[in-house]
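Open the model and keep the sequence beside it.

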Amino acid sequence: MENQDIKIINSVSEYNKMMNHETLHPLVSIIDFSKSNPISQYRRNYGFYTVFLKDVMCGDMYYGKNNYDYQEGTLVFIAPGQVYGMSNDGTYVQPGGYALIFHPDLIKGTNLGKNIKDYSFFSYDVHEALHLSEKEREIILECFKNIRLELEQSIDKHSKSLIVNNIELFLNYCMRFYDRQFITRDHVNQGVIGKFENLLNDYLKSDKPKNIGFPMVNYFAEQLNLSANYFGDLIKKELGVSAQEFIHNKLIDVAKEEIYNPSKSISQISYDLGFKYPQHFTRLFKAKVGVSPSEYKTLN
């Protein structure tokens with residue numbers, strides 16, 4: 001898709017106007033799409049956080065580099081600056097479901113503002129959307145209702161903290177539901193972990209460390225068609241360690257084997273594993289094993 005197909009929408013009021021909604025607060029809105037006019041299909045770049053609750057099947061949606069066919073009862077999270085939308089074929093569609101949109105300025109200086117990065121699902125790919133059970137959907141709609149009720153009050157000194165606290169509560173529920181999704185999709189996750197281990201083993205056996213460099217989390221996430229954040233969260237949930245730690249541990253296992261090879265120097269081993277500088281390898285080895293590679297060689 002060409003860049004000119006992307007519509008940039010920076011403000012909450014601009015989005016409300018497009019969706020035929022009244023602006024009750026300049027930095028936050030709850031949209032009920034059943035009250036919107038039909039909209040043309042195109043890709044958008046929002047200047048605010050967006051959470052869509054899709055209640056109808058509405059065709060292929062583009063998000064980042066991928067497209068995705070929505071199911072009913074799906075929550076999708078979009079951070080400011082991400083490109084999102086439908087393929088532009090000139091038709092108009094009646095959207096269904098709801099959206100929560102809030103501008104980064106709303107949460108500046110708040111607890112949520114400090115911790116927004118912890119809600120890593122804002123950086124997941126669209127095919128890693130949250131699929132809700134009926135009960136979960138009811139809870140989400142209740143959260144939206146409470147935010148909407150607060151927006152309908154006259155603005156006073158309590159408004160901001162109550163609105164932000166309700167958004168935070170909603171996002172905490174989403175964290176819980178994602179945890180549930182990681183567990184209920186356990187068989188799928190196990191498949192991902194198996195593929196990751198195979199990819200990592202193959203990587204370390206090949207010339208890739210020397211040519212591409214140290215094995216990075218992003219590389220494996222891309223190979224598995226997952227966003228780095230979703231992949232990292234899945235590994236942490238399943239294995240109890242971060243993806244990076246898992247890679248480090250595997251590297252050290254391989255290094256220990258290589259150290260027994262009398263024809264290989266410590267420097268050679270470090271280059272073979274993708275380290276630019278032997279001292280970086282030595283530092284990691286010592287942190288993991290408790291002794292330097294040379295001491296390990298002497299001990300064994």
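At what angle do the axes of helix α4 (residues 134-152) and helix α5 (residues 159-184) cross? They cross at roughly 170° and come within 9 Å. An axis here is a line fitted to C-alpha atoms, for helices over the stretch in contact, and angles run from 0 to 180 degrees between N-to-C directions. Angles under 35 degrees count as roughly parallel, over 145 as roughly antiparallel, 65 to 115 as roughly perpendicular and the rest as oblique. So α4 is roughly antiparallel to α5. On the α4 side, the contact residues include Ile139, Ile140, Cys143, Phe144 and Ile147. On the α5 side, they include Leu162, Ile163, Ile167, Phe170 and Phe177. Contact means heavy atoms within 4.5 Å. By class, the contact of α4 with α5 has 13 nonpolar, three polar and three charged residues. Ala, Val, Leu, Ile, Met, Phe, Trp, Tyr, Cys and Pro count as nonpolar, Asp, Glu, Lys and Arg as charged, and the others, Gly among them, as polar.

A word on provenance. This is a predicted model: local features need pLDDT of at least 70, side-chain atom pairs count only at pLDDT 80 or more, and totals for chains, interfaces and linings use all residues. Residues are numbered from 1 along each chain as its sequence is written, and side-chain values use heavy atoms, with hydrogens and water left out.

Now the whole chain. The protein has 13 helices and twelve strands. Helices (H or I, at least four residues) and strands (E, at least two) are DSSP runs, numbered from the N terminus. Of the 300 residues, 45% are buried. Buried means under 20% relative accessible area, exposed over 50%, partly exposed in between (1.4 Å probe, protein chains only). Take the contacts between residues at least 6 apart in sequence: 72% of them join residues at least 24 apart.

Helix α10 (residues 243-259) and helix α12 (residues 278-289) have axes 10 Å apart, at an angle of about 100°. That makes α10 roughly perpendicular to α12. In α10, the residues that meet α12 include His248, Ile252, Ala255 and Ile259. In α12, their partners include Phe281, Leu284, Phe285 and Val289. Seven nonpolar, two polar and three charged residues make up the contact of α10 with α12.

Ser292 belongs to the loop between α12 and α13 (293-299). Ser292 has a relative accessible area of 12%, so it is buried. Leaving aside neighbours within four places in sequence, Ser292 is in contact with Thr282, Phe285 and Lys286.

Turn to the rings. A pair of aromatic rings is described by the distance of the centres and the angle of the planes. Rings of Phe, Tyr and Trp (its six-membered ring) pair if their centres lie within 6.5 Å; planes under 30 degrees apart count as stacked, over 60 as edge-to-face and the rest as tilted. The structure holds 30 aromatic pairs. In one of them, the ring centres of Tyr15 and Tyr46 are 5.4 Å apart and the planes stand at 90°, so the pair is edge-to-face. Tyr15 is in helix α1 (residues 12-18) and Tyr46 in strand β4 (residues 43-46), so the pair ties together parts that are 31 residues apart in sequence. Both Tyr15 and Tyr46 are buried.

Phe196 and Phe220 form an edge-to-face pair, 5.4 Å centre to centre with 65° between the planes. Phe196 sits in helix α6 (residues 186-205) and Phe220 in helix α8 (residues 217-223), so this pair ties together parts that are 24 residues apart in sequence. Phe196 is buried at 0% relative accessibility, and Phe220 is buried at 0%. One aromatic cluster includes Tyr49, Phe77, Phe102, Tyr119 and Tyr230.

Which rings does Lys54 lie over? Lys54 is over the face of Phe33, at 5.4 Å from the ring centre. The charged end of Lys54 also sits over the ring of Phe52, 4.7 Å from its centre. The test needs NZ of Lys or CZ of Arg within 6 Å of the ring centre and within 35 degrees of the ring normal.

Finally, the backbone. Most residues other than glycine have a negative phi, and most peptide bonds are trans. Asn20 has a positive phi, near 65°. Asn20 lies in the loop between α1 and β2 (28-32) and is partly exposed, at 45% relative accessible area. Asn225 has a positive phi of about 55°. Asn225 is in the loop between α8 and α9 and counts as partly exposed at 45% relative accessibility.
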